[in-house]
Amino acid sequence: MSSPSSSAQATLRGLGGQLRELRQEAGLTAIALAVEAGWDRTKVSQIEHARRPPSVTDVRTWCSICGAEDQADDLVTTLRRVEDAYVQWKRLQRTGLRHLQGTSVPLYEQTRLMRVYSASVVPGLLQTPEYARALMSEITEHARIPNDVDDAVEARMARRRVLREGDHRFAFVLEEAVLTYGLGGRDVMAEQLEHLLTDMALPSVSLGVIPVSPDRRRWPLETFQLFDTVQARVELLAAQVTVTAPTEVAQYVDAFEQLASMAVYGRAARELIQRATETVT
């Protein structure tokens with residue numbers, strides 16, 4: 001399975017190649033372009049080889065020096081696609097966490113089948129207020145961002161309405177370890193586990209748990225969400241990656257199906273959750 005950032009990196013390489021062609025057509029060396037733009041001598045090479053993303057100003061300056069101002073808008077559009085595909089958490093969270101809770105709601109509402117895999121935390125749509133508060137408080141402290149946790153928790157709880165409204169189906173697959181991490185402490189985790197038992201009974205929800213086993217067929221992956229077969233969102237430590245290339249989305253669909261086939265459901269899943277509850281109380 002390719003890196004979740006490979007689509008964005010491929011687009012960045014394509015942009016670098018287009019900029020290189022403009023430079024060559026203008027009869028400029030990389031050093032000559034850098035000198036004319038007032039840049040460090042290595043900057044042009046780094047941009048052309050996708051080792052450093054250009055800014056919008058960089059692209060427009062490049063086009064101006066190469067006499068290709070008419071191509072600047074198209075190249076800036078390509079750059080925007082790269083920026084939208086790979087977005088650092090510090091950019092998404094710079095004003096706090098409240099705004100981030102609402103940005104996904106339109107996509108949730110448009111999606112008929114949403115699939116979520118997690119090996120780390122309970123997915124947002126299944127969280128209790130106190131579990132969400134514990135998680136967001138930790139994120140806020142770690143990222144050193146404005147503290148709007150109360151408003152963010154309220155917004156996260158509000159978007160849970162998609163579980164009960166509209167023609168949507170939700171398939172969640174969790175690693176068993178998620179049930180035992182104890183985020184927020186024993187009481188918070190115990191309440192969260194009881195909440196999972198309630199949510200898994202909803203008509204729109206399928207919840208599977210992959211038991212800890214010495215004979216598993218597939219290794220745990222990073223947390224990801226699938227919106228029908230149109231888009232995948234992958235959560236990395238430093239960034240959120242949006243995957244839209246059909247071949248790459250298909251890889252995540254295949255991975256989810258493999259992971260889901262390893263999970264237990266219904267009574268067997270409830271027994272794992274109840275067993276985890278006993279360990280935290």
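Tutor: Setting aside neighbours within four places in sequence, Leu-125 is in contact (heavy atoms within 4.5 Å) with Tyr-108, Met-114, Arg-159, Arg-160, Val-162, Leu-163, Phe-170, Phe-172 and Asp-199. Before going on: this is a predicted model, where local features need pLDDT of at least 70, side-chain atom pairs count only at pLDDT 80 or more, and totals for chains, interfaces and linings use all residues. Residues are numbered from 1 along each chain as its sequence is written, and side-chain values use heavy atoms, leaving out hydrogens and water.

Met-114 takes us to strand β2, residues 113–118. Helices (H or I, at least four residues) and strands (E, at least two) are DSSP runs, numbered from the N terminus. In β2, 6 of 6 residues are buried, meaning under 20% relative accessible area with a 1.4 Å probe, protein chains only (exposed is over 50%, partly exposed in between). Leu-113, Arg-115 and Tyr-117 sit on one side, with Met-114, Val-116 and Ser-118 on the other.

What does β2 pair with? Pairing takes at least two DSSP bridges. β2 runs parallel to β3 (residues 169–175), joined by 6 bridges, and Ser-118 stands opposite Leu-174 there. With β5 (residues 224–227), β2 pairs antiparallel over 4 bridges, and Met-114 has Phe-227 as its bridge partner.

Now back to Leu-125. In the largest nonpolar core, which has 32 residues, Leu-125 is among those touching the most other members, as is Phe-172. Such a core is a set of buried Ala, Val, Leu, Ile, Met, Phe, Trp, Tyr and Cys residues joined through side-chain atoms within 4.5 Å. β2 and β3 are among the elements supplying at least two residues each, while α11 gives the most, with 6.
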